[in-house]
Amino acid sequence: MEFRLLGPLEVVGDDGAPVQLGGKRPRALLALLLLHANEAVSTDRLIDGIWSESPPASAQGALQVHVHALRKALGPDRILTRAPGYLVRTVPGELDVDRFEQLVSERAFGDALALWRGPALADVADEPFAQAEAARLEERRLAALEERIDADLDAGRHDAVAAELEALVATEPHRERLRGQQMLALYRAGRQTDALDAYREARAALDELGLEPSPRLRRLEQQILQHDPVLAPPTPGGRGRETRVAPPVELLGRQLEVAAIGALLDRGDTRLVTLTGPGGTGKTSLALAVARDLCGTEAVFVDLGPVSDPGLVATSIAKALAIDEEPGRPVEETLSEAVAELDRLLVIDNFEHLLEAAGLVGAIVDSGPRMRVVVTSRAPLRLRSEREYQVRPLPVPEPGAASVGEICDVESVRLFVSRAQAVMPGFELRDENAPAVAGICRALDGLPLAIELAAARVRVLGPEGMAQRIGQRLALLTRRAPDLPERQRSLRATIEWSIRLLDEDSRVAFAIVGVFASPASLAAIEHVAEHRVADVPGAMEALLDAALVVSDADPSGEPRFRMLETIRDYALEELEASGDDGEARDRHLDLMIATVQRWDASRRDDPNDRGDMGIVDAVYPDVVGALGHASASGALEQEFQLLATIWRYWRWRGYVEDAHHHLEAATGSEDPRVPRLAAADALLGASVIELIRGDLGRAGSHAERAAESYGAVDEPLLQAKAFTQLASIANASDDPGRALALCERAVPVLRAAGELDILGIALMATAESARRLRDLDRAREAAVEAVEVRASRGNTRGAGFARVVLADIEGRRGDHAAAAQLLLQSLPVASELGDLESLAPNLFVAAATLAAADDHDPAARLLGAAEAALRRMGAGRLEMEWDDYFAPVLAKLGAAMPGDELRARYDAGLGLSPEEAAGLAVDRLGAVEWSRQDRVGA
């Protein structure tokens with residue numbers, strides 16, 4: 001089936017016959033879905049797109065009718081229901097827009113342009129959603145046409161295109177690139193006067209818009225007047241263009257780098273500096289800025305990008321330096337001899353693919369005592385006289401920074417704004433678009449080329465639209481700039497330029513490293529690359545030289561290798577194309593299981609039951625990726641191996657929604673292929689997470705299934721853990737009688753097995769259920785034992801939590817002094833560990849304790865802070881705790897202070913950070929003069 005948007009909307013079946021699509025609404029619906037093929041489009045967006053600002057009351061039902069009609073026309077598997085709406089499924093090659101882009105990327109411009117049957121989206125062009133997209137597609141058509149004309153001019157077909165260009169500029173009079181191509185074609189055809197007339201016509205057309213011709217177009221006029229040799233028609237086998245004058249380039253930021261490189265070159269012992277770094281970091285712009293800073297416009301610039309033969313490097317440099325070759329003598333000798341008398345700064349650009357000729361640069365430096373050389377290369381030249389200067393990406397906004405004041409001076413943001421204003425003069429950085437701009441700069445790793453390409457799309461997508469599509473970096477980031485080399489017109493081309501320089505082993509390693517979302521050790525990469533890469537250390541050295549990976553050191557000094565996200569996107573494409581994607585991800589999954597199990601072993605030896613969580617912190621994005629692969633590939637046993645352990649990490653790090661997402665997806669079925677014990681462990685973890693979220697129904701269902709499974713495989717100790725969890729759920733469900741009965745089943749088993757940590761939890765559940773049954777003496781007895789059991793293990797976190805339970809009971813018994821002393825021990829532990837699950841009860845018990853002492857202002861603020869902590873864990877938790885904890889304290893405070901004052905203090909507490917709230921609680925609890933008064937809470 002073919003889907004055609006480059007003209008009126010058409011769908012052609014496999015038999016070559018057109019598919020009947022119906023009237024205006026279903027055609028508009030299909031067009032909108034095809035513009036976002038294989039992406040879910042929300043129902044709200046579809047309704048807005050089809051009915052604009054005045055949808056009928058029945059729009060939702062009408063939309064479903066149109067979807068049904070399209071499914072009948074296209075087949076049931078084409079339009080799928082996907083939250084939050086629908087998507088149309090296409091496969092590569094079916095959509096003419098995709099084929100057009102692919103052909104353009106392959107420089108098959110004639111075939112690409114032949115796909116156009118008229119203006120894009122012609123039959124739905126009056127729909128608001130289609131207007132911007134039609135304009136975008138028309139811009140892509142014109143850009144491809146200009147690329148084709150450039151190719152014709154490069155091939156010497158200037159006579160043939162001159163007439164075509166005359167017609168094109170008549171229809172596109174304000175398009176400078178076409179005007180420049182017309183001038184060049186006429187000049188090369190021997191029609192200098194006509195070429196100059198074309199310039200005057202271009203200037204008059206631009207003047208109608210209040211614009212001046214660009215510097216490039218004005219420069220072309222001067223070159224035509226001067227018969228500049230650079231405009232001569234190309235000759236077979238000709239070399240790339242060189243210039244003796246560094247071309248003008250605007251450089252934002254980088255002042256420190258310019259000064260540092262200039263200082264190196266001004267020292268007598270350094271005359272060769274190589275600027276290295278990934279493609280797109282702005283090495284060329286930086287080199288030219290250094291040249292201008294040191295020499296004005298007298299630096300000599302050589303672009304080796306078009307040169308493919310190392311043997312032609314000497315000729316290119318000699319030509320740029322105006323050194324004539326001597327017949328019968330190697331140009332290298334002539335060059336070395338001539339530079340002895342020269343005082344020049346030589347900028348040699350794009351050396352990475354010609355490293356065999358690096359010795360020539362060394363010879364120039366050795367032979368020319370007054371020569372200074374700046375080289376840009378993605379790999380160092382490895383010369384004795386070389387000083388390597390690594391060009392890093394631009395600084396990006398800090399995570400969370402999103403206001404104009406926070407990001408306006410960050411260099412990557414300044415570059416984005418400047419380039420956006422170049423294509424959209426009215427663009428301004430405002431608080432409304434600042435979060436999107438900050439997100440774009442972070443997602444693009446601060447790469448100047450990527451940021452410039454993104455900014456160029458602002459006039460079509462806007463910052464918010466660009467931020468939403470930033471996951472499509474490689475396809476999205478292109479630029480129509482004929483004065484740039486091809487490799488700098490898109491992010492993909494820039495990366496491909498580096499990839500082509502790798503040997504096969506290094507290219508395979510490059511693709512495999514893309515599997516890692518976090519910095520990876522050499523051992524980890526070797527594990528995944530085993531049997532595919534013969535020499536992993538050698539391959540990593542090559543990738544470092546090519547600036548395709550970055551090496552950092554972990555706290556122990558061991559190297560860790562990572563990719564910029566923009567480069568990693570390409571690596572993953574390479575891996576998928578190689579057919580090794582499944583095997584590499586399987587080995588990566590095994591590695592993540594081993595890593596999480598290593599953390600679990602450290603946890604079992606830790607009295608606080610947490611172990612070295614840094615083991616998982618360092619690879620957490622990889623763990624999430626491995627879980628996704630396990631789920632998608634049906635590796636159920638490995639998926640549950642991970643889930644059975646990682647849920648504790650999620651709980652203690654507060655990643656409750658991550659846990660909910662993964663656990664609910666996995667535990668919703670009872671696949672017999674999953675080992676029963678691992679499934680039960682995952683169910684128990686899911687229950688704990690749902691209890692934290694406040695979803696008691698799910699929590700209870702999961703725990704019941706876990707208890708049943710443990711019983712079926714004869715694991716009484718594990719079943720006792722499940723009973724303990726069920727007791728906590730029963731207490732939260734206001735069923736303390738059932739909770740107490742479950743605790744009475746669990747406690748003897750746990751005590752006999754010496755399972756002290758879970759025994760502590762069961763004792764706290766016992767205390768809670770006894771408190772709810774108003775048996776405060778039994779509640780206190782259980783809570784005291786829980787503190788003792790957990791302290792005896794050295795479990796400071798668990799003992800701290802038990803002290804909160806005991807503090808609450810002491811307060812209800814009227815001993816607020818004892819409650820305060822317990823809180824002063826537990827609060828610092830909860831704060832230091834960043835444990836919201838423990839900090840929230842600390843804060844509301846502290847609020848109740850201070851309210852009892854008539855310290856109303858801090859009590860109100862701490863109650864607000866307790867709500868904020870609960871909401872961070874999941875809004876359902878607030879409902880669970882409200883009647884038992886919040887409402888009584890608020891009632892007491894409401895009787896003691898005006899309502900607006902109480903609201904203001906409570907709201908102030910909502911804004912406190914966990915650390916600030918804990919500090920306030922400790923300060924006030926320590927300041928109150930406590931006395932053991934009437935047991936008012938009994």
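Hi everyone, let's start with helix 4, residues 96-105, where the buried residues are Asp 96, Val 97, Phe 100, Leu 103 and Val 104. These cover an arc of only 130 degrees around the axis, so they sit on the same side of helix 4; the arc is taken from the directions from the helix axis to the C-beta atoms. Buried means under 20% relative accessible area, with exposed over 50% and partly exposed in between, using a 1.4 Å probe and protein chains only. Helices (H or I, at least four residues) and strands (E, at least two) are DSSP runs, numbered from the N terminus.

A word on the source: this is a predicted model, where local features need pLDDT of at least 70, side-chain atom pairs count only at pLDDT 80 or more, and totals for chains, interfaces and linings use all residues. Residues are numbered from 1 along each chain as its sequence is written, and side-chain values use heavy atoms, leaving out hydrogens and water.

What do the buried residues of helix 4 pack against? Their partners are strand 1 (2-4), helix 5 (109-114) and helix 6 (128-154), with contact meaning heavy atoms within 4.5 Å. Just after helix 4, Arg 107 has a positive phi of about 65 degrees.

Five strands form an open sheet in the order 7-8-9-6-10, with parallel pairing; two strands pair if DSSP finds at least two bridges between them. Strand 7 and strand 10 (386-390) are at the edges with a single partner strand each, so one side of each has no neighbour in the sheet.

Strand 7 (residues 300-303) is covered on both faces: Val 300 and Val 302 are buried on one side, Phe 301 and Asp 303 on the other. Opposite Val 300 stands Leu 346 in strand 8.
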